[in-house]
Amino acid sequence: MNHVPANIKAAKARLVVIGNGMAGMRTVEEILNRTPDKYDITVFGAEPRVNYNRIMLSPLLSGEKDFDEIVINTPEWYRENNIHLYSGDPVIEIDRIRKVVISKSGTETEYDRLLLATGSDPIIIPVPGHKLDGVVTFRDVDDVDVMLGAAAKGGPAVVIGGGLLGLEAAVGLQSRGMDVTVLHLAGHVMERQLDPSAGYLLAQELERRGITVITEADTAEIVGTDTVTGVRLKDGRMIPADLVVMAVGIRPNGRLAADTGLSVERGIVVDDVMTTSDPAIFAVGECVQHRGQCYGLVAPLFEMAKSCADHLAEIETDGYAGSVTSTKLKVTGVDVFSAGDFSGGGNTEEIVFRDAGRGVYKRIVLEDGKIKGAVLYGDTSDGGWYFQLMKEGQDVTELRDTLAFGQAFAGGSAGNPLDAVAALPDDAEICGCNGVCKGSIVAAITEKGLTTLDDVKGHTKASASCGSCSGLVENLLAATLGGDYQAATVKPICTCTEHDHDSVRRLIIAKNLKSMPAVMQELEWKSSDGCHVCRPALNYYLLAAWPGEYVDHGASRFINERVHANIQKDGTYSVVPRMWGGLTNPRELRAIADVADKFDIPTVKVTGGQRIDLLGVKKEDLPAVWADLNAAGMVSGHAYGKSLRTVKTCVGQEWCRFGTQMSMSMGVELEKMTWGSWMPHKFKMAVSGCPRNCAEATIKDFGVVATDGGWDLHVGGNGGIHVRATELLCKVTTDEEVREYCGAFIQLYREEARYLERTAPWIERVGLKHVQERVVDDADNRKALFDRFMISQQTAQIDPWAERASEGVDAHEFKPLSMIAAE
Amino acid sequence: MTNNLTWVEVGPAANIPQQGARTLQTQTDRIAIFRTLDDQVFALLDRCPHKQGPLAQGIVHGHFVTCPLHNMVFSLETGEAQGPDDGCAAKVECQVVDGIVRVGLTELQAGLRHAG
């Protein structure tokens, strides 16, 4: 057996923490804040990973966050604070006589102070079949991995338990494409947090999202041989399931404490400074029982952590007096809040407000003029205010008439959110999860010179857990800093949504959204069918995300891309046939001349991109014009699209006495490879045959300039309002490399840039280095980008003119209606 | 104005794409007939009051259309410009009876009376 003395020097007291979860680590952080050098700290965790934010499992499941985003303390943090971390090595025994803990691997560690933060276990109902494969709880990252594995295959899932956790699991699985049924024993979902009315509204919303909710459902058996196949209810109903999630509740984990003879009832019994029945042993979190109460929410854990840290740091403290809790459901788009006792009856009175059109329900329960409890559904913005009034025990008799309308109506703080936050008292709680009040945030902002939301998160923990108070914190920043505060908030795409371009792109993939209605529904568009700003952007993002699968939505494209020509100021169109690399021949020129004659086209012009533009074509003539151009072998030049426009070339080594490479054939090759691809904005290329650069490649999105030994590849140039010369991406030697780098660069732009963002502002935003790391330094990634580009090209290189000229696609665009009958 | 309208049938509403429009050429001008996502049909003169842009070619969203030339947004219900822009696109009376779109034309539009 290994024997490791916790601290050879033994200069500091040795603190051992059992449990690497939120409560234990928060206590450690609070201790370090108070007295960084007092303890030599060792932490044992059962899970084989660093400490993470367990209340973020729901966003992890739904794909709104990834694991890195929910990590609280990184391995560096443990190292920097000289904390010895044993993860994946749970303590199995406490020897109180020798003051030693023994871990599963046999490590013995001595302690002077021992902190138990063993959390809770999910309750497993011991029905037949509960050990089958495919039956999981919803408690840690491993559970989420199993759920994601099942969701990847699709199929039916059953969630047993319609409480907070169960519903978050159900919504997460449904958003991952599973067909979810929730079984709930009580008469309405979340019965501990919601009254029947709010429960009904919530069940309606879940049903609308495609989740089946069965209440008064008593599970008799989980059916299956090795793997689960369904759930049978006591009334005989069978519900098929490939995955069963048990989310019926939690039970404090006091096993270790009980084994070593500490006082354990429902949880480990502690006093107000979190001391157990052994004065050297403390306990915090979901494993404890304090004044007869056990807690399963995060805010009380953090309050316990503070009292415990005060005590361990030997700071005088009032101790922990128990928590009044409030609840929010962490499901995007469902706003539910409850706090206190809302059962009603007795001497209580209630104020109820409903707005069926908006699906809003508010119920505030009063007793002796004070708020005793509140349930809010649909509009929870005043939850924090009611909660504050309730905790302070304020008499609200004078506010009663307008109480249901919230703080904005309750005299004093007006509707302006900045005034409202400025009017709050210093002890008003801003962050419920971490118990941070306004005074501490304002003090941190002014004393430490904080200027951003992330700063405040880092220094005070406010909004660092569930994040629902981040708006309040930003208002506090603005109110405190005044004009110096620059909100780092991202700009929404348009007034139809709160989402910015980047989050929409991410969520389209994460939530597997494959149609415009799916995006608008799931991301809560505020208009029925978007507008001229967001619809073209969404159409592009969907096309780029699901090549070959998403069907282009013509009604969401700007007219030019819908009729594949350029609208002019008089409502006529311009037509530009493709001339590969700017090369043409007598046959094509004759066909163009003939078309101009035949359709009476008033203007024929050579463009800046080395093409011929036919201007003033009537809309109804377009299909016939294209038919004639197609017949001469010409296809659409996409001069109208957010797409590959032109590849301009100089005559190069083919003719020029200075030319060092074949620029014309390179240009033709690049154009043949890239034409037809839809992009965030128009995309222009050029190939010059020598550094004299006659093709002006250094103001193009992708410019290729020949050198003696190969090619220089340039990116991010623009010849528009703000002329911007390209930056050198890299130098390559072979033609094959030019093609691969070109395809990879375009694909990176297609995947990362925002709609209507040219390469120049995109590169200025992300930095050339970002592009080089992905396209130049990482050969595997370059290959992967190139492959994705070529896959998307398989379904993109279809001539839109031919489809319309000879296959009748979108015929309605080109023919007017005619009068059938007059009365 | 609605008193002396001549109602003409222009075919099934289904011939107009959802979130799209078709045009109808009359004796005097061109009418844009829109069909929205909720399957309602509206008509405006196909001429933006700003620079005469062809409204039928704009993006249709909600009960609005965005002019393809300079992105002015008009209500299909009233023809009024939205947001900070001023102006009003001319509204044309329009109804759907048994799935068939009928447009109410003035005497000039219907060619019953000649201008001037």
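**Exercise 1. The nonpolar cores**

Task: In this predicted model, find the number of residues in the largest nonpolar core and the residues with the most contacts inside it.

Solution. Step 1: The largest nonpolar core holds 73 residues. Step 2: Those with the most contacts inside this core are L116(A), I268(A), A283(A), V284(A) and V473(A). Step 4: Take I268(A) and leave aside its neighbours within four places in sequence; its contacts are then L116(A), G254(A), A257(A), L262(A), T276(A), A283(A), C287(A), V288(A) and Q289(A). Step 5: There is also a second, separate core of 68 residues, and F138(A), L202(A), V365(A) and L403(A) belong to it. As background, nonpolar side chains tend to be buried together in soluble globular proteins.

**Exercise 2. Chain A as a whole**

Task: State how many helices and strands chain A has, and what percentage of its residues count as buried.

Solution. Step 1: Chain A contains 27 helices and 39 strands. Step 2: Of its 823 residues, 47% count as buried. Step 3: Look at the contacts in chain A with a separation of 6 or more; residues 24 or more positions apart account for 62% of them.

**Exercise 3. A sheet and a hairpin**

Task: Which strands stand at the edges of the open sheet of 3 strands in chain A?

Solution. Step 1: The strand order is β6-β7-β8 (chain A), and the pairing is antiparallel. Step 2: β6 (91-95) and β8 (108-110) of chain A each have a single partner strand, so they stand at the edges and one side of each has no neighbour in the sheet. Step 3: From one strand to the next, the twist averages 25°. Step 4: β6(A) is joined to β7 of chain A, residues 100-103, by 4 bridges, and D95(A) has V100(A) in β7(A) as its bridge partner.

Step 1: V604(A) has L614(A) in β33(A) as its bridge partner. Step 6: 5 residues lie between β32(A) and β33(A), and Q610(A) in the turn has a positive phi of about 65°.

**Exercise 4. A helix and its neighbours**

Task: Which residues of helix α15 of chain A are buried, and what do they pack against?

Solution. Step 1: In α15(A), residues 501-510, the buried ones are H501(A), V504(A), R505(A), L507(A) and I508(A). Step 2: The buried residues of α15(A) pack against α16 (516-522) and α17 (534-545) of chain A. Step 3: Just after α15(A), N512(A) has a positive phi of about 60°.

Key
Residues numbered from 1 in each chain as written. Chains lettered and ligands numbered in written order. Predicted model: local features only at pLDDT ≥ 70, side-chain atom pairs only at ≥ 80, totals over all residues. Helix = DSSP H or I, 4+ residues; strand = E, 2+ residues; numbered from the N terminus. Buried ≥ 20, exposed ≤ 12 C-beta atoms within 10 Å, placed from the backbone. Contact = placed C-beta atoms within 7 Å. Core = buried A, V, L, I, M, F, W, Y, C linked by C-beta atoms within 7 Å. Pairing = 2+ DSSP bridges. Axes fitted to C-alpha atoms, helices over the stretch in contact; angles between N-to-C directions.
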